[in-house]
Amino acid sequence: MYEPRMRTKSMERFVCSKEPPNRSESLLRDSAKRLGISNAALEQIEKPYTFIYQRLPVEVEGEVINISSGIVLHNRARGPYKGGIRIASDVNIWETNELARLMTLKTALADLELGGGKTGIRVDFEKIYGMFKDRFKLGFYPFCDMLKDHIMKEFVDHFVERGLVRIYIPAPDMGSSGREMMLFYNRTHDPAVVTAKPEGIEGWLPGRHEATGFGTAYAILKYLEHIGKDPSEITVAIQGFGNVGSHTAYYLNDYGCKVLAVTDFYGGVCHEEGIDVNELMDYARENRTVKGYDDKHTIDNDTMFRMPVDILVPAASGHVIGKENCGELGVRLLVAEAANMPVSYEAFLELKERGIDLLPDNYVNSGGVIASDLEYRQGLGGTRYSRTQVFDHLRGRFDEMFGNMLEIKDRAGSFTQAACDIALRRIYLAMKTRSLI
Ligand code: NAD
């Protein structure tokens, strides 16, 4: 029977008792010292405003499955809570909390009038599929789509009932996409309820789908300009080939960089002379993985991380580079964090010592939320933006952020620390102005 197995400690797995040590708090503590912000004020900035734990009961083939999920509303000193919905087998409340805190730091660095929030929905699709596959005649992916639809409809009901509409504005994150965002619109008919709505839905934004990958590639391009390197001299490896990884590969390839290796959850491909990114994108769109694209030239994550390349782009899950594997990385110039929190604090310090730059997540992958900000404001009844305008706007914001970071980088110690100083200062000032600290 399915239910008893799912009942075992499913909430406990989600709600851990104490926040584990994490990078954003370590960085914030350093920044607060540099900026002269007191510990008492810092604590209010670090901690979330609200945690919500939700059990989402969904019916599959006549059986009820209970899914654990959580919403963290971290900070709205500068505007409504903003942050994606992550659907994965290993999310927990503290990861969701750190991702929400990161959103607060990201929206502040980009100078958006938004705060930070996040949703984590814990679903082990493979395990659940294993329990139903004898009865469900279609394959794994149609099963996942159906299950996700059920879960998200339940989630959206809770979201509306809790009065979160326009208080917290979700978007896609790992495991979710425009398809899930559309369900918020279906329920509310409010174009400002959610961002990354699919093409043609009231208030959708041309370019939003590619914005995070576009921004990541542009952030890398700015860095290359800064160090005086031509993209055609640059080799790249990318972990993750979903929304962010695939579009990053596409735009980097367009700038002239050579993408040597790509991995995803199921496998990887490596071509020493450079992957045909367009062909790989077509393959992955059809097969939902890069696995099987070229069985003669496969690569796994660990081998790819050890590969000598100029730039390594983690664009999948968090916590993939820590002190245990940092020393083995083959990267020569730069780690660009397209994923959220892929590099631990200790690994960041080690990379710094080795002279390898780290461009932080709250800068590199902020293209998504910058475009989302436009989409949200468009949904509130403002102007209609074209794809060209969206990309021009993204370039402008990235130019400004990079300039701001460069101005204080040497004083702060690195790009990562500079990004944190800028964000913390803005959040602190907004909270002070609003008498929240
Ligand atoms: P996605 O679900 O579209 O794709 C995730 C990719 O990572 C898939 O290719 C998956 O197979 C791969 N992956 C997962 N676990 C892996 C593992 N252990 N090893 C190798 N590959 C693995 O997700 P996405 O939207 O592309 O998000 C990727 C990252 O970017 C996440 O960290 C997310 O938080 C961050 N991010 C996304 C957005 C956005 O707009 N989608 C914005 C900002 C940050």
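**Values and definitions**

Reply: Arg86 has its place in strand E3 (residues 81-88); strands (E, at least two residues) and helices (H or I, at least four) are DSSP runs, numbered from the N terminus. This is a predicted model, in which local features need pLDDT of at least 70 and side-chain atom pairs count only at pLDDT 80 or more, while totals for chains, interfaces and linings use all residues. Residues are numbered from 1 along each chain as its sequence is written, and side-chain values use heavy atoms, with hydrogens and water left out.

Me: Why is Arg86 called buried?

Reply: Buried means under 20% relative accessible area, exposed over 50%, and partly exposed in between (1.4 Å probe, protein chains only). Arg86 has a relative accessible area of 3%, so the word buried applies.

Me: What makes the pair of Arg86 and Glu95 a polar contact?

Reply: A polar contact is a pair of N or O atoms within 3.5 Å; within protein, one must be able to donate a hydrogen and the other to accept it, and residues adjacent in sequence count only if both atoms are side-chain atoms. The side chains of Arg86 and Glu95 make such a contact at 3.5 Å. Contact in general means heavy atoms within 4.5 Å. Leaving aside neighbours within four places in sequence, the residues in contact with Arg86 include Leu99, Thr119, Asp173 and Asn340.

Me: Why is E2 described as largely enclosed?

Reply: Of the 13 residues of E2, 12 are buried, so the rest of the structure largely encloses this strand.

Me: What makes E8 and E11 edge strands?

Reply: The open sheet has 6 strands in the order E8-E7-E6-E9-E10-E11, with mixed pairing. Strand E8 (268-270) and strand E11 (357-359) each have a single partner strand, so one side of each is left without a neighbour in the sheet.

Me: What is the sense of the pairing on either side of E7?

Reply: Strand E6 (residues 235-239) and strand E7 (residues 258-263) pair in the parallel sense over 5 bridges, and Gln239 stands opposite Thr263. E7 and E8, by contrast, pair in the antiparallel sense over 3 bridges, with Val262 opposite Val269. E7 and E8 form a hairpin with 4 residues between them.

Me: How do you know that the span of helix H9 agrees with expectation?

Reply: The expected span of a helix is 1.5 Å times one less than its number of residues. For the 17 residues of H9 (residues 211-227) this gives 24 Å, and the end C-alpha atoms are 24 Å apart, so the two agree. As 14 of its 17 residues are buried, H9 is largely enclosed by the rest of the structure. Gly228, whose phi is positive, near 75°, follows H9.

Definitions and conventions:
Pairing = 2+ DSSP bridges.
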